[in-house]
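I opened this one up to see what I could read off it. Here are my notes, in the order I looked things up.

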Amino acid sequence: MASSTDISDSDSKKVTVAPGAEKPDVTGLPQYDGDLVAEMSERERTVYEHGIQKFNRLGWKRLTIVLIVEAIALGSLSLPSTFATLGMVAGVICTVGLGLLAIYTSYVVGQVKLKFPLVHHYPDAGKLMFGRFGYELINVMLILQLLFLTGSHTLTGAIAWIDITQSDVCSVVFAVVSAIILLILAVPPSFTEMAILGYVDFASIIIAIGITIIATGVESSNAPGGLSGVNWSAWPKEDISFTDAFIALTNIIFAYSFAMCQFSFMDEMHTPQDYVKSIWALGITEILIYTLTGAIVYAFVGQDVQSPALLSAGHLMSRVAFGVALPVIFISGSINTVVAGRVVHGRIFKDSPIRFINTKMGWITWLAIITVGTVIAFIIAEVIPFFNDLLSISSSLFISGFTFYFPAFMWFMLIREGPWNSRHNLMLGALNVCCMLIGFLTLVAGTYSSVKDIVDKYNEGTVRGVFSCSKPA
């Protein structure tokens, strides 16, 4: 009987390769060579061991909180307007269906991490599948997506400050303030440390959504005709265009983007096998929050629902809701900067204890990297200063891959075991083909729709210009 082949890294972790399968190319993945550690001075070895302890403290419950911080934020605020475009029936079906697919693809991502412990970030998985080209491509995609996310939180922060203060201060100033807050919160480099803020983050978004639902419900009840007079529909809005429909769909996809950071988060777990508990806890929580938020707020407000949804809560209550939502806007935004910084910092200093960010040089380089990232995110927020389109183009270009077609490739190339014609593989193969098709369709059609809508809005003059002082759209 043929035996499997073990590929060991410097920490004696083993990667099992199925009989007859091609050995994955693990050269160039971030790792520490045993001889290098042996040659370290006593001080360097102390720094190294402290770093290992610092970045190996995450349990599945804290992983769930970190995933919630990264996942449940802006996506929930765009869903009521998505329901207004797609209609109640299609909105619910798409939200639940895409959520279940996202749980499955996240499960595949976790299986890759367990099978190949040398995979520290998403680009490392790209190297296993497509060599150096895959590594570089996914590295660029991941960093850009994370900066787009931070940018979207910068934009939302500016919208929040404008709504809360009701002042004439230039929106660019509020965007700068938001970027500075995001930078400060991104200083802690460990996800275990970020998890502490996660409880505040989760409470913030739940309370803000609750305020929005109650406020819109009360306002609709007091309006002429009451709730029965709200113009919501079970079906897509009349004369819906392909562009509008796909932007709405990509906003749902944006809400399920947690798989892209999963390698990075799992790399800090002391028991990585427990990740399954986290993704099910997160996935079910997301599906419930997104479906209820989208459906209820749409049913209370109707076709006039705004995005972010907090703007629909009325003049006073929207200010209260945004005030409560400030923690989630900035905490969830900052964790994307942390992941991007960890990817870049880890690559630059992959063979040095500086990577652990527990020395003077480690902190100097870390602060420099997250500062540059935050500045780029601020620029993105000012170049694309409208909420739904910024989420849509981010989903189309990047999340389509991280959540759908890359995990499908992983199953075919890294996870599948046994004969193709077995019932198990035929069913999973069909499911992964479905994920792949959804991902590629979103990439092509979603990008086209997003770019077209951005160009149309600029041509029509319905949105503020780049770095201008009017209110973001």
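**Val119.** I started with Val119, which sits in the loop between helix 5 (88-115) and helix 6 (122-165). I'm working from a predicted model here, so confidence gets its own entry below. Is Val119 buried or exposed? Its relative accessible area is 0%, and the cut-off for buried is under 20%, so I wrote down buried.

Next I looked up what Val119 touches. Skipping neighbours within four places in sequence, I got Lys113, Asp124, Ala125, Leu128, Phe263 and Asp267.

**Ser264.** I then went to Ser264, which belongs to helix 10 (residues 262-266). Ser264 also gets a relative accessible area of 0%, so I put it down as buried. Which residues does Ser264 touch, leaving out those up to four places away in sequence? I found His120, His121, Phe191 and Val339.

**Helix 6 against helix 7.** Time for a helix pair. Two packed helices are described by the angle between their axes and the distance between the axes, so I looked up both. Helix 6 packs on helix 7 (residues 171-185) at about 125°, and the axes are 8 Å apart. That angle makes helix 6 oblique to helix 7. I noted the crossing as right-handed.

Which residues meet there? From helix 6 I listed Thr150, His153, Thr154, Gly157, Ala158, Trp161, Ile162 and Thr165. From helix 7 I listed Ser171, Phe174, Ala175, Val177, Ser178, Ala179, Ile181 and Leu182. Sorted by class, this contact has nine nonpolar residues, seven polar ones and no charged ones.

Last, I checked pLDDT. The chain's mean is 83, with 84% of residues at 70 or more. Which elements have the lowest and the highest mean? Strand 1 (residues 5-8) is lowest at 36, and helix 5 is highest at 96.

Conventions:
Residues are numbered from 1 along each chain as its sequence is written. This is a predicted model: local features need pLDDT of at least 70, side-chain atom pairs count only at pLDDT 80 or more; totals for chains, interfaces and linings use all residues. Side-chain values use heavy atoms; hydrogens and water are left out. Helices (H or I, at least four residues) and strands (E, at least two) are DSSP runs, numbered from the N terminus. Buried means under 20% relative accessible area, exposed over 50%, partly exposed in between (1.4 Å probe, protein chains only). Contact means heavy atoms within 4.5 Å. pLDDT is the predictor's confidence in each residue, from 0 to 100. Axes are lines fitted to C-alpha atoms, for helices over the stretch in contact, and angles run from 0 to 180 degrees between N-to-C directions. Angles under 35 degrees count as roughly parallel, over 145 as roughly antiparallel, 65 to 115 as roughly perpendicular and the rest as oblique. A crossing is left-handed if the near helix is turned anticlockwise from the far one by less than a right angle, and right-handed if clockwise. Ala, Val, Leu, Ile, Met, Phe, Trp, Tyr, Cys and Pro count as nonpolar, Asp, Glu, Lys and Arg as charged, and the others, Gly among them, as polar.
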